[in-house]
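Hi,

Here is the structure I promised to pass on. Have a look at it first, and my notes come after.

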Amino acid sequence: MPEDEDSYPAESGRRRFVKGVVGASALGATGITGATGIKYATTSSGSGGGATQYFGIENTAGPAPRGMPQIPVEIDSDGYLKGVWPEVETKTVDNEEVKVAETQLGGITYSSEWFQYCGVQTYAGIAPDADQDNFFRVSESASTSYDWMSDLSAGDKLKVSDFDDYESWGNDIGKDGLGKPAMGRWRSEDLPPQETAPIQILRSTRIEDLAKESDHPEWIKASTEKGFIAWLNKCTHFCCVPGFKSSAQSAKFGGANDVYCPCHQSVYDPFNPVKLQFTSLPRPEDSGESSGSSSGGESSA
């Protein structure tokens, strides 16, 4: 192939994904957050992006450059678990009206830009005004990670009662009783598998105690509920899908009681959300804002 020939044509979604992954990895590793980084991430090829502050579960080992972003948790009146989506509004940026999703929560600006990395910025469900409900739902492969989830069906809404044994749960990986996890998806109904946003949710007594012990009690109170914490489950190293107590080999790398990524041995501490900064990637202009309709019919706001 000639050196100047692109492996993936400009119109190729694969090309867009690869560029997004490489760009996110490179910017995260170099710590670009100044004017140069912002210019790189806010070119005319898309909307949004740039230097972004967020809360994520702390990266403690391995090549991942930073923590995975939290998704604030709320519980509805029927006991179903949901991820908070920022309020949607229209702003004028460079003389153009654009939709943004951001809100003040727990003393910080919570924004959809927290999730604009690893190609996720191209997902229709992450567009600010996507017509999606916010329930955490069982993912298709959840039972391969946790036996207890084999009693559930893909697409089921996760509920508080699914985690009733969280104070004693264990699966012979690390210590028992640290919390009960689930694999799920978020804002991905009626979308193709390649646009499914993977999430992980964990209920633990240690999360219940965080508001008393954390350096950021206001954020913890706003983003967790009844011991539940959740995050977008895309490793910030190279976009793999890690897991809390989901891999027996995690003990070899000090991750038996943490979130472990089996691809390149990155480890995250779900019990220590930290305030971080990264350069979020822009959404492509053809990302299909207002697309991704949900069978639930609930507003994204």
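Below is what turned up on cysteines, the core and one serine.

This is a predicted model, in which local features need pLDDT of at least 70, side-chain atom pairs count only at pLDDT 80 or more, and totals for chains, interfaces and linings use all residues. Residues are numbered from 1 along each chain as its sequence is written, and side-chain values use heavy atoms, with hydrogens and water left out.

Cysteines to begin with. Taking a disulfide as a pair of cysteine sulfur atoms within 2.5 Å, the count comes to one. It joins C118 and C239, with 2.1 Å between the sulfur atoms, and is left-handed at -90° about the S-S bond. The two cysteines are 121 residues apart and link distant parts of the chain. C118 is buried (under 20% relative accessible area; 1.4 Å probe, protein chains only), at 2%, and C239 is buried as well, at 10%.

What keeps C261 from bonding to C235? Their sulfur atoms are 3.9 Å apart, which is too far for a bond. C263 is in no disulfide either, with the sulfur of C240 3.0 Å away.

On to the core, a set of buried Ala, Val, Leu, Ile, Met, Phe, Trp, Tyr and Cys residues joined through side-chain atoms within 4.5 Å. The largest has 58 residues, and L81 and F136 are among those touching the most other members.

Finally, S250 is buried at 1% relative accessible area. Beyond its neighbours within four places in sequence, S250 is in contact (heavy atoms within 4.5 Å) with I173, G255, A256 and Y260.

Best wishes

Methods. Buried means under 20% relative accessible area, exposed over 50%, partly exposed in between (1.4 Å probe, protein chains only). Helices (H or I, at least four residues) and strands (E, at least two) are DSSP runs, numbered from the N terminus.
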